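Here are a few exercises to work through with the model open beside you. Try each task before reading its solution.

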Amino acid sequence: MVSNSAMACLHEKNVASRLHLVSVFCISLVVSGFAELQRFQHATKDDGSLSFLVVGDWGRRGFYNQSAVALQMGRIGEQLDIDFVVSTGDNFYGDGLRDVNDPAFLESFKDVYTATSLQKQWYSVLGNHDYRGDTEAQLSPALRKIDSRWLCQRSFILNTGIAEFFFVDTTPFVNKYLVDQDHNYDWRAVSPRGTYVANLLQDLKVALNKSTAKWKIVVGHHAIRSVGHHGDTPELIRLLLPILKAHNVDMYMNGHDHCLEHISSLDSPIQYLTSGAGSKAWRGDVKSYNNRAMKFFYDGQGFMSVKLTGSDAKIAFYDVLGRLLHTWKMSKPLHSTM
């Protein structure tokens, strides 16, 4: 017969054993969450320069002047001899893709961006409208078999040597989508949301800290600063912006607001660049803003171009007719990495 003291001892050992297993399990979850973001490589031109276009909020089967914007993207893309295209999300309206066989992929992407200069790699993030469909479809390699230009991930890094691009999945940051009763969102791969966002921010910190690139550019769907319809995104100001400032990020590029805009940070080097005018635009929907920070705003359709060298970054915005609307130049010492 086992004594009460012996039973108590066995009970304590079992509890201790279970606690140890639980602690090991929790530690393994934390460690696995802080995995490095997936990296892709894209070479610069032979002279070390890099040129690309930025467009967002475009996927409307050619309507709302999407085809007209695509035509001018092709023309400017040829002039600049672009290396790739960045998409800032809301790639397929109104509710993302249904599955990998959704004809919207052909009708809104492959059959619209047909210019020779646009037959380059497209690097894309998801927008909130994309989350209303099957997000896994947009991320699927099956789409790359249909059109090899397409590359969409939740968050990832693009390294070009001269610049590193940090693509960030911003939709899970935004609280209002969690209580939106009018739409369904595909949260399958981002739950629990708090853990997902915390891990993503940690991964971004690690990646930015390691970066030695001349130019550090962060791309997300939602604006940090904007005078457009949606305005600033408080969750990004609170959670993401301090990380960008701490790591000397040069530019934050986004869509979401259907306009073109350039806002300069007044307390950091960051340039906030909105290119969300790939199709439907919102005329006359503009908020007031600090005049010193606000460099440019246009409430029509269009896109943005960027050219990077070892010393300069040149940004340009174009309208639906391909007319140049705004330019901006940033310079750094040739051997600087900050």
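In which loop does Asn248 lie? Asn248 sits in the loop between α8 (241-246) and β9 (251-254); helices (H or I, at least four residues) and strands (E, at least two) are DSSP runs, numbered from the N terminus.

Before going on, a word on the ground rules. Residues are numbered from 1 along each chain as its sequence is written. The model is predicted, so local features need pLDDT of at least 70 and side-chain atom pairs count only at pLDDT 80 or more, while totals for chains, interfaces and linings use all residues; side-chain values use heavy atoms, with hydrogens and water left out.

**Exercise 1. Trace the strand pairing around β4.**

Step 1: Start with β3. This strand pairs with β4 (residues 121-124) in the parallel sense over four bridges, where pairing needs at least two bridges found by DSSP between the strands. Val85 stands opposite Trp122 in β4.

Step 2: Move to the other partner. β4 and β5 (residues 150-152) pair in the parallel sense over three bridges, and Tyr123 stands opposite Leu151 in β5.

Step 3: β3, α3 and β4 form a right-handed β-α-β unit; right-handed means that, with the strands pointing away from the viewer, the path from the first strand over the helix to the second runs clockwise.

**Exercise 2. Sort out the charged side chains.**

Step 1: How many salt bridges are there? The count comes to 17, a salt bridge being a side-chain nitrogen of Lys or Arg within 4 Å of a carboxyl oxygen of Asp or Glu.

Step 2: Take Glu36 and Lys210, whose side chains meet in a salt bridge of 2.6 Å, N to O. Glu36 is in the loop between α1 (4-33) and β1 and Lys210 in helix α6, so the pair ties together parts 174 residues apart in sequence. Glu36 is exposed at 54%, and Lys210 is partly exposed at 48%.

Step 3: Compare Asp299 and Arg283, with closest N and O atoms 2.9 Å apart in their salt bridge. Asp299 is buried at 16% relative accessibility, whereas Arg283 is exposed at 59%.

Step 4: Look for a network. Lys110, Asp147 and Arg149 are linked by salt bridges.

Step 5: Finish with Glu235 in helix α7 (residues 234-239). Glu235 is buried yet has no salt bridge, and the nearest side chain of opposite charge, Arg193, is 5.4 Å away (Lys and Arg count as positive, Asp and Glu as negative; His and the chain ends are not counted).

Notes. Buried means under 20% relative accessible area, exposed over 50%, partly exposed in between (1.4 Å probe, protein chains only).
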